[in-house]
Amino acid sequence: MPRSYPPRVGKVRHRALVSALGCAFAMVTVAGCGGDDEDDTGASPTPTAPDTASFSGTAPSALASQAASAIASARASASAAASSASARASEFEASVEADAARSSAAAEDALKDVDGRGNAISDVGMKGLPRNETSGMLAVLVTITNKTDDTASYAVQIDFEDSDGKVVETRYVGAEDLGPGDREQPIAFSSQADDTQLTPRLAKAQRY
């Protein structure tokens, strides 16, 4: 059975409950609600500074430091990626140069015992490249086409002659294991000075 209270006690409890709820929702001052010490003039209590020790999160200076650290890390990663890409490009260039040197040596070796111009002159064509596309160097695009029905390798000799017809420089290019109807286009570069006037000539072409 619910416990009953005298009317006066019930009214006091009701006022205390209302007062407690008012304190819970006010939260604008640290002063007590409904106490006997309240200022009768109605002036608002002076607010107090918040206790920053109870705040969570990161201070602006720390955020700035973290941002600077993240930017530095990103730049370092980008720099490392660029260095890696540059290294791979250098490795690829070195690999291409090594392959060209090996092919040139193989072509020169294949032509050393060839009499005359060889058996594949009709399978080879050449075209000079514009100097603005070769950084000023004299270069010839050699087109080698296997016109036979069998897989074959080719060795080509390009002579660079001066205006008197004298051979100033000789370059060798080739194509290995070229299938029937297939073609390759190696480039023969002259190592002479950019302003040297030379004429390239197809000297030999051998299929083997």
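On a 1 Å grid over the protein atoms alone, a cavity is a set of points where a 1.4 Å probe fits but cannot get out, and its lining residues have an atom within 4 Å of a point. Grid points are joined across faces, edges and corners, and the volume is the space filled by probe spheres set on the points. The model examined here is predicted, so local features need pLDDT of at least 70 and side-chain atom pairs count only at pLDDT 80 or more, while totals for chains, interfaces and linings use all residues. Residues are numbered from 1 along each chain as its sequence is written, and side-chain values use heavy atoms, with hydrogens and water left out.

One cavity of 30 Å³ or more is found in the structure, and the largest cavity holds about 40 Å³ of space. Its lining includes Arg 131, Leu 138, Ser 190, Ala 193 and Asp 194.

Several of these names return around Met 137. This residue lies in the loop between strand E1 (124-128) and strand E2 (139-145); strands (E, at least two residues) and helices (H or I, at least four) are DSSP runs, numbered from the N terminus. Beyond its neighbours within four places in sequence, Met 137 is in contact with Arg 131, Phe 189, Ser 190 and Asp 194, where contact means heavy atoms within 4.5 Å. Met 137 and Ala 193 are 56 residues apart in sequence, yet their C-alpha atoms are 7.7 Å apart in space.

Met 137 counts as partly exposed because its relative accessibility is 33%; buried means under 20% relative accessible area, exposed over 50%, and partly exposed in between (1.4 Å probe, protein chains only). Phe 189, in strand E6 (residues 187-189), is also partly exposed, at 35%.

Most residues other than glycine have a negative phi. Ser 135, however, has a positive phi near 55°; this serine lies in the loop between E1 and E2 and is exposed, at 69% relative accessibility. Asp 177 likewise has a positive phi, of about 50°, and belongs to strand E4 (residues 167-178).

Technical notes. On a 1 Å grid over the protein atoms alone, a cavity is a set of points where a 1.4 Å probe fits but cannot get out, and a pocket is an open set with protein on both sides within 12 Å along at least five of seven lines; lining residues have an atom within 4 Å of a point.
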